[in-house]
Each structure stands twice: as structure tokens, then as C-alpha cells.
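User: Please go through the pockets and the ligand site of this model with me.

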Amino acid sequence: MLKKKLFCFFVIFYTITAVMVFSNGKQEEDKGFNLAVVVPNVVAGSPLYEQMVAGAEQAIKEHPGSSMKVFELGFNQAEWGEKMTSIVATGLYDAVITSNPSMPDICKSIAEQFPMQKFIFVDGYIDGHPQMASFLYNQYEQSYMLGHLSALITKGDMPGSNADLKIGMIVAQEYPVLNKMILPGFKDGAKSVDPSITVDFRIIGNWYDANKASELAGSMIDAGVDVIGVICGGAAQGVFEECGKQGKYVVFWDDVSYSKAPGVIVGSGALYQNRLVYEVITKAIENTLEYGKGQKLNVSDGYVGFVTEDPDYISTVPEEIRIKQKALFESIKSGETVLQTPEL
Ligand code: RBF
């Protein structure tokens, strides 16, 4: 009797164990890759965030069974760490991808609390952290090209160009990449055309206030500025409108932007974040992404550019200026011109 009971017990025990092992294995097999796409601030109006979402969507679409969810952290930066923690704490995501230079620092303490969580940063830099892969664009090169173009325009004879050798820059906030790479690149690019050109630099204080952006643009124009570089997310709309009204010009970072304000946007830098994110997420899904490494991407790598072949650019900017601008871009791309990129 006892033998029979023991036999039954072992049969049931092994059956349950086998079912558990089998179903676990099955679960592993069925479980596709889950990605959290985390957007600091909001997607709309910020080309790098729009591109990150689009690139991730494409990679996910090509891998049936994988999925992604987009989170917007909103404009209150004091809440970003807490919100990111609650996304990671769900344990649902094989990787979190996010974009902007402040995110690696914010995620370091979260990574300590969740040692299995992988993080991917684009437009941000961290090297040597085993849970993290990062990709930093050469913002000095992008900004140098835009400064160079702004200088050619302020010195040139386009209808809105005045006699003052003043260009300007409106930003949402200061941050190390801006202070060490973007602003110096913009200034150095301009001064490579004419050392006497000055840059009027203004800060809005947030990434959404289009009215304040428009006021700042107005006061810069009053002070003699005729070309303004703009990095302020959705607030840029205010600068486009003010410059449009007053017949002045804008240069823009990150994406093909001429059509956002034809005739006003006279130069568009480009970061190929869409392609980068597509490639990186594809590797993450296929388990070939190398974590623990930070990579720097330059014009010569094909991830930073200046958009020359655009109908609005061609119809707005005189050929003489476009030829000089293209020559600079090609020369940086080929390695003939090597810009000394400052360290972060
Ligand atoms: N760029 C945007 O276009 N939109 C944003 O909402 C935005 N938010 C940012 C927040 C922080 C804290 C930092 C450091 C940068 C942000 N950027 C944003 C700038 C972006 O990372 C990049 O430097 C510029 O777009 C120039 O390529």
C-alpha cells in the first residue's frame, strides 16, 4: 500500500516538474523582445525623439513577436528619475532606450537597483557600464557646419541679411554637451568665415514656451541679429514665426527641417538617429548588441550631416553660399578637414 502511494507521489511529482520545466521553456520561446522607448519631455516637436520612436518601430515591426511601448516623461525634469524607475520596476522590458545627454546619469542609480535591466542611450554618453550601451553624436561638427552657414548668410546679401556681423542662438536650457560642444562648434564655425562675427546667446528656461522664444528672437533681431540657431524643442515654433514676420533666418539642428518654415529655415543639420536606433534595436533583439561600451559618431561615420539636397534650401539660399557650405561638409566627411572636437 505504502509502495503504491509512494509510486503515485513520484509520478505526480515528476509530472508536475516536467510540466513546469516544459512550460517555462515554452514561455521562454514564446516571449518576444519587449522594448521601452522612454522620451524625456514629449515626442512632438523634437526631431530626435520623433526619430527614436520611428527607428524603434521599424526594428520591432521586422521582428514578429517583439513589442515596444512609448513613455513620455513630461517637462518636469525633477520627476524623470522616479518615472524611469517605475518603468524599470515593472520588470517587463528587456531593454530601455532613451535619448538625451542627461539620461545616463539619471539611470545610473536605477541600474544599481535593477542589475538585470539593460539601457541603451542615443544622443548620450557613458562608457564601461556593463548594463549600458551608448551612442554620442559629434555635436561639435554638426554645430560648426551650422555656424559656418550662418556666418556666410549674415555676411551675404540675402534680403534679410543686414550689415551687422551678428548671429544668434536660442536654447531651451544649458547642459554640458551644449556648453562644451554645440555652442563652441557654432561659434568656431562662424569665426572660420570671419573672426569678427559675434554670437548673441539666449536661454528660454524650458522646452515648450514658444511665446518666450518669440520674444527673445524679437529682441535679438532688434539688436542686429539676422540668423538664429535654435535648439528648444516645441518652443522653436515661436522663433520660426518671429523670424518669418521680420524676414530673418533660422538654422536648425537634428533633422531635415526646411519644410517646417520654408524660406525661414536656411540650414538644417542632421543626426541620423532614425537609422541608428533601427540598427541598435535590431542588434538588441538579435542579442548581438555590445553593452559596456560608449561610441562616438562623427560626420565621417555617416550619422551626422548637413542637408544640402532640399528644394526649400536650394530655392532660398544663393548658390554661391551653398557651394561653400557643401565644400565644408564634403571636406569634413572625407577627413580632409579634421575639426578638433572638445572633450565632454
Ligand atoms: N532636444 C529637443 O529637441 N527636444 C527636447 O525636448 C530636448 N530635451 C532635452 C533635455 C535635456 C535635459 C537635455 C540635456 C537635452 C535635451 N535636448 C532636447 C537636446 C538634445 O539632446 C540635443 O542636444 C539637441 O537636440 C541638439 O542635437
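This is a predicted model: local features need pLDDT of at least 70, side-chain atom pairs count only at pLDDT 80 or more; totals for chains, interfaces and linings use all residues.

User: Which helix gives the largest share of the lining of the largest pocket?
Analyst: Helix H2 (47–61), helix H4 (103–113), helix H6 (176–191) and strand S8 (227–231) each supply at least two residues. The lining also draws at least three residues from each of domain 1 (32–137 + 274–298) and domain 2 (139–271 + 308–334). The largest share is four residues, and it comes from H6.

User: How many residues of the lining of the largest pocket are charged?
Analyst: The lining divides by class into 19 nonpolar residues and ten polar ones, with a further group that is charged. The number of charged residues is five.

User: How many nonpolar residues are in the lining of the second largest pocket?
Analyst: The second largest pocket holds about 230 Å³ of space. Its lining has 14 residues, and Phe33, Asp94, Lys118, Asn287 and Tyr291 are the closest to its centre. Three are polar and three charged, and the nonpolar residues number eight.

User: Which side chain has an N or O atom 2.5 Å from an oxygen atom of the ligand?
Analyst: The ligand is surrounded by 20 residues, the closest being Asn41, Ser46, Asp123, Tyr175 and Asp254. For Ser46, a side-chain N or O atom is 2.6 Å from a nitrogen atom of the ligand. For Tyr49, a polar side-chain atom lies 3.0 Å from a ligand nitrogen atom. The side chain at 2.5 Å from a ligand oxygen atom is that of Asp254.

User: What percentage of the accessible area of the ligand does the protein cover?
Analyst: On its own, the ligand has 540 Å² of accessible area. The part of this that the protein covers is 97%.

Notes:
Residues are numbered from 1 along each chain as its sequence is written. Side-chain values use heavy atoms; hydrogens and water are left out. Ala, Val, Leu, Ile, Met, Phe, Trp, Tyr, Cys and Pro count as nonpolar, Asp, Glu, Lys and Arg as charged, and the others, Gly among them, as polar. Domain bounds come from an automatic or database domain assignment. On a 1 Å grid over the protein atoms alone, a cavity is a set of points where a 1.4 Å probe fits but cannot get out, and a pocket is an open set with protein on both sides within 12 Å along at least five of seven lines; lining residues have an atom within 4 Å of a point. Grid points are joined across faces, edges and corners, and a volume is the space filled by probe spheres set on the points. A residue is near a molecule or strand if one of its heavy atoms lies within 4 Å of it. A polar contact is a pair of N or O atoms within 3.5 Å; within protein, one must be able to donate a hydrogen and the other to accept it, and residues adjacent in sequence count only if both atoms are side-chain atoms. Accessible areas come from the Shrake-Rupley method with a 1.4 Å probe; for residues, only the protein chains shown count as cover.
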